[in-house]
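Take a look at the model below. We will walk through its sheets, then its side chains.

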Amino acid sequence: LEGLLDVYRNSPALLQPFARPCSISGKTLSGEISEIELEVFAQGTTWVIETQDGEWVLVPRPGMLQRQKQVEGLGRLFEISVDGVLPAEVELLNVGTATVIEHGRRWYLPHKGQIGIQSDPLQRSIENRLLRLEQKLEAFEQSTTIN
């Protein structure tokens, strides 16, 4: 699992050929069953990956979170330990574990994973640079009006 976490954190695209995109099933969403059931869904927000040991793990699909609904959806499948401001990036802290119902198609989620949601560092850096430029401009304008 450490190797999988390392690859996910540094080059998640390498896992894509082995990942099955999935989402919470209609049975769970409708309340028909109380367990969290996952099923294969091409536009799913999570991936289920089979490890070499034959275990199935759940990870969030890599990428940026733009809307609060995306965060809420992930909150049903993962414990969120650090909550940032959107847009944000998902940080995988621990994988969830999945139990097979129908091999390669449906799973139960007995143990949630853990994620952090970190504000987009590029966005934050641009905002900080703009703020500093505005402050410099304001200081310059004040110094020129005094003289």
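Two strands pair if DSSP finds at least two bridges between them. Strands themselves are DSSP runs of E with at least two residues, while helices are runs of H or I with at least four residues, and both are numbered from the N terminus. This is a predicted model, so local features need pLDDT of at least 70 and side-chain atom pairs count only at pLDDT 80 or more, while totals for chains, interfaces and linings use all residues. Residues are numbered from 1 along each chain as its sequence is written, and side-chain values use heavy atoms, with hydrogens and water left out.

Strands of a sheet pair through backbone hydrogen bonds, either parallel or antiparallel.

Strand β3 covers residues 46-50. It pairs with β4 in the antiparallel sense, over 5 bridges. Thr 46 stands opposite Pro 60 in β4. Between β3 and β4 comes a loop, and Thr 51 has its place there. Is Thr 51 buried or exposed? Thr 51 counts as buried, because its relative accessibility is 18%. The cut-offs are these: buried means under 20% relative accessible area, exposed means over 50%, and partly exposed lies in between (1.4 Å probe, protein chains only). Leaving aside neighbours within four places in sequence, Thr 51 is in contact with Leu 1 and Val 57. Contact means heavy atoms within 4.5 Å.

Move to strand β1, residues 19-24, where Ser 23 lies. Ser 23 has 17% relative accessibility, so it counts as buried. Which residues does Ser 23 touch, not counting those up to four places away in sequence? They are Glu 37, Leu 38, Glu 39, Phe 41, Gly 44, Thr 45 and Thr 46.

There is also an open sheet. It has 4 strands in the order β5-β7-β10-β6, with mixed pairing. β5 (64-65) and β6 (78-82) stand at the edges. Each has a single partner strand, so one side of each is left without a neighbour in the sheet. β5 is joined by 2 bridges to strand β7 (residues 88-94), and the two run antiparallel. Met 64 has Glu 89 in β7 as its bridge partner.

Next come the charged side chains. Side chains of opposite charge can pair when their charged atoms come close. A salt bridge is a side-chain nitrogen of Lys or Arg within 4 Å of a carboxyl oxygen of Asp or Glu. How many salt bridges does the structure hold? It holds 3. In one of them, Arg 106 meets Glu 37, with the closest N and O atoms 2.9 Å apart. This pair links distant parts of the chain: Arg 106 sits in strand β9 and Glu 37 in strand β2 (residues 37-40), 69 residues apart. Glu 37 counts as buried because its relative accessibility is 2%. Arg 106 also forms a salt bridge with Glu 102, where the closest N and O atoms are 3.3 Å apart. Glu 102 has a relative accessible area of 39%, so it is partly exposed.

Glu 72 and Lys 69 form another salt bridge, at 3.7 Å from N to O. They are 3 residues apart in helix α3 (residues 68-75), so about one helical turn separates them. Glu 72 is partly exposed at 42% relative accessibility. Lys 69 is exposed, with a relative accessible area of 63%.

Finish with the aromatic rings. Rings of Phe, Tyr and Trp (its six-membered ring) pair if their centres lie within 6.5 Å; planes under 30 degrees apart count as stacked, over 60 as edge-to-face and the rest as tilted. By this rule there is 1 aromatic pair. Trp 56 and Trp 107 form it, and it is tilted: 5.3 Å centre to centre, with 55 degrees between the planes. Trp 56 lies in strand β4 (residues 56-60) and Trp 107 in strand β9 (residues 106-111), so the pair links distant parts of the chain, 51 residues apart. Both Trp 56 and Trp 107 are buried.
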